[in-house]
Amino acid sequence: MKLSSLKQGRDGRLVIVSRDLTRATDAFFIVPTLQQALDDWEKVEPRLRDLAEQLEHGSVPSFRFHEHDCASPLPRAYQWADGSAYVNHVELVRKARGAEMPASFWTDPLIYQGGSDSFLGPRDPVFVMDEAHGIDFEAEIAVITDEVPMGATREEAAAAIRLVVLVNDVSLRNLIPNELAKGFGFFQSKPSSTLSPVAVTPDELGDVWDGGKLHLPLCSSLNGQLIGKPNAGVDMTFDFPTLIAHAAATRPLGAGTIIGSGTVSNKDAGGGPGKPIAQGGVGYSCLAEQRTVETILHGGARTPFMRIGDTIRIEMKDKAGHSIFGAIEQEVTAYRRAE
C-alpha cells in the first residue's frame, strides 16, 4: 500500500496512491490525515488496504497523481530521530573535520533528535540564509512507527514498523563543527528535512525488504548528474529494529515517530572509502563524503557545497526500474522573509 499527503491545511489530505504512482483516490472518508491513521492503525489499516486494492482494480473514483501536489507524508511529526547507521559515512565525515571516531560507534548506535515540526514537501525549495553555511543534501531511508513501548526488544521494534520513506536530511556543514564543539548537538546546522512524496508499507517492497534493511540503490543526482547510487542494504551497521530499540531504551515512542538511517554509504569493494561514479564506484549520498574522499585522494576537496539555484533529486527504483516512493526534487533558494 502506498500513502501520500496532498497539500491541504497543516497536516495534508490523506490519499491512497496506485503502485505505479499514476493515480490516487481520497481516503478522507476513512481517516483525514496520515497521523490520524497511525494513531488508530489497527482499526483503519484494513480499510485503507481495501481501498488500495479497489484503486488498483479501477473500482473507485480516482484522479491523476502529481508529486508536485504533495506535502511530505507527515508534514509535521511528533518525533524525528535520525541515526547514523552507515558507520562508514560517520568515519569519513569526522575525518574531514579532524575528529577521531570512538570505537564504540561500531557497536552503539548514534542518534540525534531533529526538528519534526516542519518537514518540507518533496518538491518544495530548500530555503537557505547564506551559501557560506555549506549547504549539503543527505539521502537517507527512514521508517515510520506505531507506538513503541519503553524498553522495547528488537523484535517488538521490528513489529512496530508501519511505513518506509526516503529523506533529504539537509545539513549546513560549515555550522556543524562549532555546534558540536559546544557538546550539545545539532540545531542551527540542521534545518527542515524532506520526506518522499509517498510512504510505503513494508509488504509492498517484496523481497528487497528483509524486515530491517532495504536492499536497493538510493540514487542522488545534483543538477541532473548522478552523484550517488549506494545500496541501502549494504554496509548498514545498525538496521532499523536496532535503531528503534535504541531510541526506545529509556522512553516510549509515539505513533508516527520517524526513525532515519542516516546518510546511505558504501565502502569500496576493496574496503576503503567509496569511489566516485566516474571511477566505477557507487558514489555518495552527500557532498561532505565526496569532499572527504577527494581530500584523501588529492589533498583537498574539489567539489563545492550546493549553491543557490542547484537542484538535488533523490529517488529509489525497483528491480524493474520503476520509482517506488516518487522523487524528492528540490532547488536551493535564497530565503527572503515576507514583509
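Is Y335 buried, exposed or partly exposed, and what is its relative accessible area? Y335 is partly exposed, with a relative accessible area of 38%; buried denotes under 20% relative accessible area, exposed over 50%, and partly exposed in between (1.4 Å probe, protein chains only).

1. Basis of the note. The model is predicted: local features need pLDDT of at least 70 and side-chain atom pairs count only at pLDDT 80 or more, while totals for chains, interfaces and linings use all residues. Residues are numbered from 1 along each chain as its sequence is written, and side-chain values use heavy atoms, with hydrogens and water left out.

2. Surface patch. Y335 lies in the segment after strand 18 (328-334); helices (H or I, at least four residues) and strands (E, at least two) are DSSP runs, numbered from the N terminus. Together with F127 and M129, Y335 forms a nonpolar surface patch of about 360 Å² accessible area. Patch members have over 30% relative accessible area and no salt bridge, with like charges joined within 9 Å and nonpolar side chains (Val, Leu, Ile, Met, Phe, Trp, Tyr) within 5 Å. A salt bridge is a side-chain nitrogen of Lys or Arg within 4 Å of a carboxyl oxygen of Asp or Glu, and accessible areas come from the Shrake-Rupley method with a 1.4 Å probe.

3. Helix 6. Six of the eight residues of helix 6 (residues 240-247) are buried, namely F240, P241, L243, I244, A245 and A247. Their cover includes strand 6 (111-113), strand 9 (139-145), helix 4 (154-159), strand 10 (161-168) and strand 16 (258-260).

4. Residue S189. Located in the loop between helix 5 (176-181) and strand 12 (194-195), S189 is buried, with a relative accessible area of 0%. Apart from neighbours within four places in sequence, its contacts (heavy atoms within 4.5 Å) are V170, S171, L172, L175, I176 and E179.

5. Strand 2 (residues 13-17) and strand 3 (residues 23-26) run antiparallel and are joined by three bridges; V15 stands opposite D26. The two strands form a hairpin with five residues between them, and L21 in the turn has a positive phi of about 65 degrees. Strand 3 also pairs with strand 4 (residues 63-64) in the antiparallel sense over two bridges, with R23 opposite R64; pairing requires at least two DSSP bridges.

6. Residue A27. In the loop between strand 3 and helix 1 (34-39), A27 is buried, with a relative accessible area of 0%. Leaving aside neighbours within four places in sequence, A27 is in contact with L14, V15, I16, L48 and L51.
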